[in-house]
Amino acid sequence: MPSPFAPTARIGESFAGEGANAAHTNVVIGRKGGPVETAWATALATPSAGHVPFVTIVRPSVPVKPLTLFVPKAAAEGELHQRATWGSAQAGLARGVADAVQDGLLPAEEADDLLIIAAIWVNPAVDDLDVSFRNQRAAAYEAVRAAVTGTPTVADVLAAAEEGPANPFYAPTSEVLTR
């Protein structure tokens, strides 16, 4: 009998898009009955002000499989940011996870036994729900792919660090990078 997918936990990250409509997604994938289930249930049962985790749905009363917990990194404030968080970003996450199952990254035959925790960044300045959806769909899929394939490798990380760390919010100058 083949060993089950994700016997403990797999972790992935991805960033997609630019500017206010970019998506940053972190995922933890694991099996029911393990530490990911404990974290999943605890997060769902202990919301904090502005950061209320919720079960990701494809449509009302149709949660995505594997069951995926959407954990917002930014409090949803203002009508458009709320619509992006609970609407376009949630829909993008659901579609990205479904795409990963459809493409075989996550085994469909084990989807009922797996859980995903997804920490999602939706910029409060978001201004285009369709772009938000596309970026979240891509980020969700790529975060799952990274978790499944174990990427980036340590060699990838060291090469990127040598080139200089950078993110959409900050890139140090070469002078700052010098030891």
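**First stop: T68**

Select T68, which is found in strand β6 (residues 67–72); helices (H or I, at least four residues) and strands (E, at least two) are DSSP runs, numbered from the N terminus. The model is a predicted one, in which local features need pLDDT of at least 70, side-chain atom pairs count only at pLDDT 80 or more, and totals for chains, interfaces and linings use all residues. Residues are numbered from 1 along each chain as its sequence is written, and side-chain values use heavy atoms, with hydrogens and water left out.

T68 counts as buried because its relative accessibility is 0%; buried means under 20% relative accessible area, exposed over 50%, and partly exposed in between (1.4 Å probe, protein chains only). Display the residues in contact with T68, leaving aside its neighbours within four places in sequence: W40, F54, V55, T56, L93, V97, I116 and A118. Contact here means heavy atoms within 4.5 Å. Then select P66, whose backbone oxygen lies 2.8 Å from a polar atom of the T68 side chain.

**Second stop: R31 and D113**

Select R31 and D113, whose side chains meet in a salt bridge at 3.9 Å, N to O. R31 lies in strand β2 (residues 23–31) and D113 in the loop between α2 (79–102) and β7 (114–122), so the pair ties together parts that are 82 residues apart in sequence. A salt bridge is a side-chain nitrogen of Lys or Arg within 4 Å of a carboxyl oxygen of Asp or Glu. R31 is buried, with a relative accessible area of 16%, whereas D113 is partly exposed at 36%.

Which residue forms a salt bridge with D99, with the closest N and O atoms 2.6 Å apart? Select R137, the partner of D99 at that distance. D99 lies in helix α2 and R137 in helix α3 (residues 129–149), so this pair ties together parts that are 38 residues apart in sequence.

Now select R95, which also forms a salt bridge with D99, the closest N and O atoms being 2.7 Å apart. R95 and D99 both lie in helix α2, 4 residues apart, about one turn of the helix. D99 is buried at 10% relative accessibility, while R95 is partly exposed at 32% and R137 is partly exposed at 31%.

**Fourth stop: the surface**

Select F15, F169, Y170 and V176, which form a nonpolar patch on the surface. F15 belongs to strand β1 (residues 9–16) and is partly exposed, at 31% relative accessibility.

Next select A159 in helix α4 (residues 154–163); A159 is partly exposed at 47%.

**Last stop: the whole chain**

Finally, select the protein chain, which has 5 helices and 7 strands. Its radius of gyration, taken over C-alpha atoms, is 17 Å, close to the 16 Å that the globule rule gives for 179 residues, so the chain is as compact as a globular protein of that length. The globule rule is 2.2 Å times the number of residues to the power 0.38. Buried residues make up 39% of the 179 residues, and the C-alpha trace spans about 50 × 45 × 30 Å along its principal axes.

Methods
Patch = residues over 30% accessible without salt bridge, like charges linked within 9 Å, V, L, I, M, F, W, Y side chains within 5 Å. Areas by Shrake-Rupley, 256 points an atom, 1.4 Å probe, with all protein chains shown as cover. Polar contact = N/O pair within 3.5 Å; in protein donor to acceptor, adjacent residues only side chain to side chain.
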